[in-house]
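Some labels on a structure rest on a cut-off. The questions below ask what lies behind them.

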Amino acid sequence: MTPASLSVKSRYVAVVGAGAAGLLAAREFRREGHSVVVFERGNEVGGTWVYTPRVELDPLGIDPNRPIVHTSLYSSLRTNFPREVMGFRDFPFVIRPGENRDPRMYPGHREVLMYLKEFAREFGIEEMVRFETEVVKVGILENGKYKVRSKKTSSLNNENNDNISEIEFDDEIFDAVVVCVGHYTEPRIAEIPGVNLWPGKQMHSHNYRIPEPFRDQVVILIGCSASAVDISRDIAAVAKEVHVASRSVADETFTKQLGYNNLWLHSMIDSAREDGTVVFRNGKVVLANVIMHCTGYKYHFPFLDTNGIVTVDDNRVGPLYKHIFPPALAPCLSFIGIPWNVSTFPLFEFPSKWIAGVLSARITLPSQKEMMEDIKAFYSTLEASGIPKRYTHCLGESKFEYYDWLASQCGCQGIEKWRKQMIYAAVENIRLRPDTYRDEWEDHDLVLEAHEDSTKYTSIS
């Protein structure tokens with residue numbers, strides 16, 4: 001629904017997370033007139049784009065008490081979409097001069113982080129961020145407001161010059177909370193019959209950084225995502241053999257990958273054995289050292305206490321109206337960044353504008369009953385189509401329709417035609433050139449159109 005109120009409210013809003021979604025949300029909320037605090041557990045903005053060579057002590061990431069590393073970046077990671085597609089609409093991801101900059105169309109992760117930091121500086125977002133401050137609990141008060149408990153960690157030197165950590169807890173009341181924490185820290189693990197007795201090493205791709213530890217080993221990767229493709233090729237440069245197991249291929253599949261003499265694609269694993277061998281559904285048996293699960297992540301909000309109103313069931317966060325608002329708690333609790341299989345950064349803009357406008361009462365939501373009916377109809381459509389619950393937030397082919405709908409609610413322009421075409425071209429390029437798509441691009445007219453569009457915005461220096 002569109003604007004219906006002349007009195008615009010200003011709210012005190014907590015944004016949890018200073019990654020790409022949190023940064024854009026903070027900017028849009030302040031533009032709308034809200035007062036904003038962004039909580040960030042790290043010491044810099046960027047979220048999952050902040051690389052660290054550190055990995056977790058639990059390589060599978062299933063110990064609930066493990067110290068968590070909040071990034072899944074590997075050293076060689078480059079974007080899997082062109083920089084033109086990834087840039088925010090009014091702050092394009094253009095090539096910038098300077099030392100250690102990456103001018104490639106598909107840049108490495110360091111260039112993405114530098115871009116996000118430049119965005120934060122350009123729009124004065126860093127002044128709203130409380131760094132090294134982790135949200136440990138968000139609770140609902142009787143008056144509809146939210147109590148946010150945070151934990152700030154400071155490093156100090158004592159009289160013996162020993163470095164010690166000082167922890168300080170703080171409680172603060174907010175009118176609204178927006179969750180922008182991403183979903184790349186809680187691994188999903190494939191179920192493999194017999195794996196508990198299998199003597200090799202298991203790990204999740206969350207804890208992969210560099211290929212060298214896999215030198216001369218036989219490695220099995222489970223999954224067919226972009227990270228699985230990247231990591232399999234990364235490791236193949238040093239490993240004895242690399243075998244990729246995928247659920248999305250026929251059971252008889254056994255294919256050597258073009259350009260490699262030690263990389264094979266298989267159907268899914270059937271079982272693992274105590275003698276160290278792994279049996280695939282295609283009948284092949286491989287004696288392996290490592291099984292790496294490139295199997296995605298679970299939504300995880302350990303700090304959020306909604307008295308059972310919002311739950312995560314088989315990776316469905318719900319109930320959420322349009323993947324954003326829980327009807328019983330709308331508009332004062334919302335989520336940005338829940339959908340996946342999307343081309344990230346620019347598509348955070350529409351949810352941010354929508355939430356900002358709803359919080360100020362400039363835009364009205366449907367009634368709680370109407371939102372719940374919409375959610376139930378959506379769930380019924382998924383079920384009738386045979387789509388598993390865990391794919392509730394996978395937008396796939398519907399992503400452009402979804403984001404254009406959000407844009408219409410905000411009264412702003414939808415996704416640019418060139419951006420849609422470039423995303424389609426990028427996906428096709430991945431299919432045709434899985435090993436070289438980042439360095440071979442033929443649709444130069446789209447690049448030119450994107451660059452011409454970027455000249456509309458004067459915030460680029």
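Q: Why is Ala361 called buried?
A: This is a predicted model. Ala361 has a relative accessible area of 18%. Buried means under 20%. Therefore Ala361 counts as buried.

Q: What makes the phi of Ala361 worth a note, and where is Ala361 found?
A: Phi of Ala361 is positive, about 70 degrees, although Ala361 is not a glycine. Most residues other than glycine have a negative phi. Ala361 is found in the loop between helix H5 (349-359) and helix H6 (368-384).

Q: Why is Asp216 called exposed?
A: The relative accessible area of Asp216 is 57%. Exposed means over 50%. So Asp216 counts as exposed. Asp216 also has a positive phi, near 65 degrees, and is not a glycine. Its place is the loop between strand S9 (201-204) and strand S10 (218-222).

Q: Why does Glu449 count as partly exposed?
A: Glu449 has 34% relative accessibility. Buried is under 20%, exposed is over 50%, and partly exposed is in between. Therefore Glu449 is partly exposed. Glu449 lies in helix H9 (residues 444-454).

Q: What makes the patch with Glu449 negative?
A: The patch is formed by Asp443, Asp445, Glu449 and Glu452. Asp and Glu count as negative, so the patch is called negative. Patch residues need over 30% relative accessible area, and Glu449 has 34%.

Q: How do you know that S7 pairs with S1 and with S22?
A: Two strands pair if there are at least two bridges between them. Strand S1 (residues 12-16) and S7 have four bridges. S7 and strand S22 (residues 333-335) have three. So both count as pairs. Both pairings are parallel. Val13 stands opposite Ala176 in S7, and Val178 stands opposite Ser334 in S22.

Q: Why are S3 and S22 called edge strands?
A: The open sheet has five strands in the order S3-S2-S1-S7-S22, with parallel pairing. Strand S3 (129-130) and S22 each pair on one side only, and are the edge strands. The partner of S3 is strand S2 (residues 35-39), over two bridges. There Val38 stands opposite Val129.

Q: Which way do the side chains of S7 point?
A: Ala176 and Val178 point one way from S7, and Val177 and Val179 the other way. All are buried. In a regular strand the side chains alternate between the two faces of the sheet.

Q: What makes the bond from Gly318 to Pro319 cis?
A: Its omega is about 0 degrees. The bond from Ala330 to Pro331 is also cis, with omega near 0 degrees. Most peptide bonds are trans. Pro319 is in the loop between strand S21 (316-318) and S22, and Pro331 is in the loop between S21 and S22.

Definitions and conventions
Residues are numbered from 1 along each chain as its sequence is written. This is a predicted model: local features need pLDDT of at least 70, side-chain atom pairs count only at pLDDT 80 or more; totals for chains, interfaces and linings use all residues. Side-chain values use heavy atoms; hydrogens and water are left out. Patches are made of residues with over 30% relative accessible area and no salt bridge: like charges are joined within 9 Å, nonpolar side chains (Val, Leu, Ile, Met, Phe, Trp, Tyr) within 5 Å. Accessible areas come from the Shrake-Rupley method with a 1.4 Å probe; for residues, only the protein chains shown count as cover. A salt bridge is a side-chain nitrogen of Lys or Arg within 4 Å of a carboxyl oxygen of Asp or Glu. The place of a charge is taken as NZ of Lys, CZ of Arg, CG of Asp or CD of Glu. Buried means under 20% relative accessible area, exposed over 50%, partly exposed in between (1.4 Å probe, protein chains only).
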